[in-house]
Amino acid sequence: MNQAIIQIHGTDCFGYEGRGVGVAVLDTGCAPHEDLQGRIPVFCDILQQRLLPYDDNGHGTHVCGIIGGSGSASNGSFRGVAPSCHLIPVKVLDRKGNGYSSDVLCGLRWIRQHRQEYNIRIVNISVGSFSRRHMSENSTLVQGVNEAWDDGLVVVVAAGNMGPSSGSITTPGISRKVITVGCSDDYKEVNVMGSRMIHYSGRGPTSACICKPDLVAPGASITSCSSRTGGYTAKSGTSMSTPLVSGAIALLLEKYPAMSNRDVKLFLRENSTSLGLPQNQQGWGILDIKKLLS
């Protein structure tokens with residue numbers, strides 16, 4: 001099993017598995033993997049309006065597995081953080097992993113409209129843009145995630161893989177409201193989308209001088225579900241760090257279902273563990289699930 005998963009999920013979770021908590025995943029979709037069986041109540045396909053879950057890229061399935069894979073296809077070896085949560089995949093990216101901000105915004109609107117129907121508490125966004133026109137807090141992507149946050153959703157967003165320069169957080173991770181997640185182990189050289197990368201995790205501050213990321217989690221060579229039936233694969237990047245945090249929040253919301261998104265953010269701030277790195281690299285520190293739930 002990947003060591004990063006052992007560090008995060010191998011701790012004592014006090015019996016919490018994210019039961020009853022809905023996690024929406026804005027990504028490339030989700031394949032009907034054995035580890036996710038019976039826990040996808042609905043699939044939203046913004047691009048082609050298909051009704052049955054599919055993933056023509058694999059990224060979204062991997063993210064879903066990190067959040068809530070049961071590990072059944074691996075006899076428990078590759079188990080997600082919250083294996084009893086339910087997942088709501090929202091496909092906004094194509095088979096190449098690319099997409100338009102308009103589709104992301106459409107996906108966010110769908111989530112807000114259906115949040116009560118599927119008890120969606122968390123929105124995981126492991127995607128981002130680094131184009132100049134999207135880098136302002138006035139951008140439509142930031143406004144979209146802020147509206148979801150204002151509706152009470154816990155929005156968890158990747159810091160992006162454009163580091164290590166300052167000001168390299170991708171949009172919508174630059175939002176001061178959402179929980180932005182960086183990679184704690186980006187000192188390890190990894191393959192991200194076919195490119196060898198090191199020290200890639202996005203660093204703050206934002207153009208509005210907001211310290212980001214908010215916290216970090218492992219993201220190097222994380223093993224999770226592939227889009228092949230019963231298969232697994234390893235991927236790297238802040239896209240993998242983000243669902244570790246989303247899964248941990250699902251555990252927290254099972255324990256404290258009345259928590260608001262602001263409560264969750266404060267709880268993460270108070271229970272992360274400093275790595276002794278600059279704040280604009282590590283935020284409050286690394287995700288510590290045992291500390292979070294104890």
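In the predicted model, the charged end of Lys265 sits over the ring of Trp149, 5.8 Å from its centre; a charge is assigned to a ring if NZ of Lys or CZ of Arg is within 6 Å of the ring centre and within 35 degrees of the ring normal. Arg50 likewise lies over the face of Tyr54, at 3.7 Å from the ring centre. The model is predicted, with local features requiring pLDDT of at least 70 and side-chain atom pairs counted only at pLDDT 80 or more, whereas totals for chains, interfaces and linings use all residues. Residues are numbered from 1 along each chain as its sequence is written, and side-chain values use heavy atoms, with hydrogens and water left out.

Across the whole structure, 4 aromatic pairs were found (rings of Phe, Tyr and the six-membered ring of Trp with centres within 6.5 Å; planes under 30 degrees apart are stacked, over 60 edge-to-face and the rest tilted). Tyr54 also takes part in one of these: the ring centres of Phe43 and Tyr54 lie 5.7 Å apart with planes at 65 degrees, so the pair is edge-to-face. Phe43 belongs to the loop between strand S1 (22–27) and strand S2 (44–45), and Tyr54 to the loop between S2 and helix H2 (59–68), 11 residues apart (helices, H or I with at least four residues, and strands, E with at least two, are DSSP runs numbered from the N terminus). Phe43 is buried at 6% relative accessible area, and Tyr54 is buried at 9% (buried, under 20%; exposed, over 50%; partly exposed, in between; 1.4 Å probe, protein chains only).

For Phe78 and Tyr232, a centre distance of 5.1 Å and an angle of 50 degrees between the planes define a tilted pair. Phe78, in the loop between H2 and strand S3 (86–91), and Tyr232, in strand S11 (residues 232–235), are 154 residues apart. Phe78 is partly exposed at 24%, whereas Tyr232 is buried at 18%.

The search also identified 11 salt bridges (a side-chain nitrogen of Lys or Arg within 4 Å of a carboxyl oxygen of Asp or Glu). Among them, Arg112 and Glu147 meet at 3.2 Å, N to O; Arg112 lies in helix H3 (residues 101–114) and Glu147 in helix H4 (residues 140–150), so the bridge ties together parts 35 residues apart in sequence. Lys177 and Asp150 meet at 2.8 Å, and Arg203 and Asp186 at 2.7 Å. Both Arg203 and Asp186 are buried. Glu17, Arg19, Arg79 and Glu254 are linked in a network of salt bridges.
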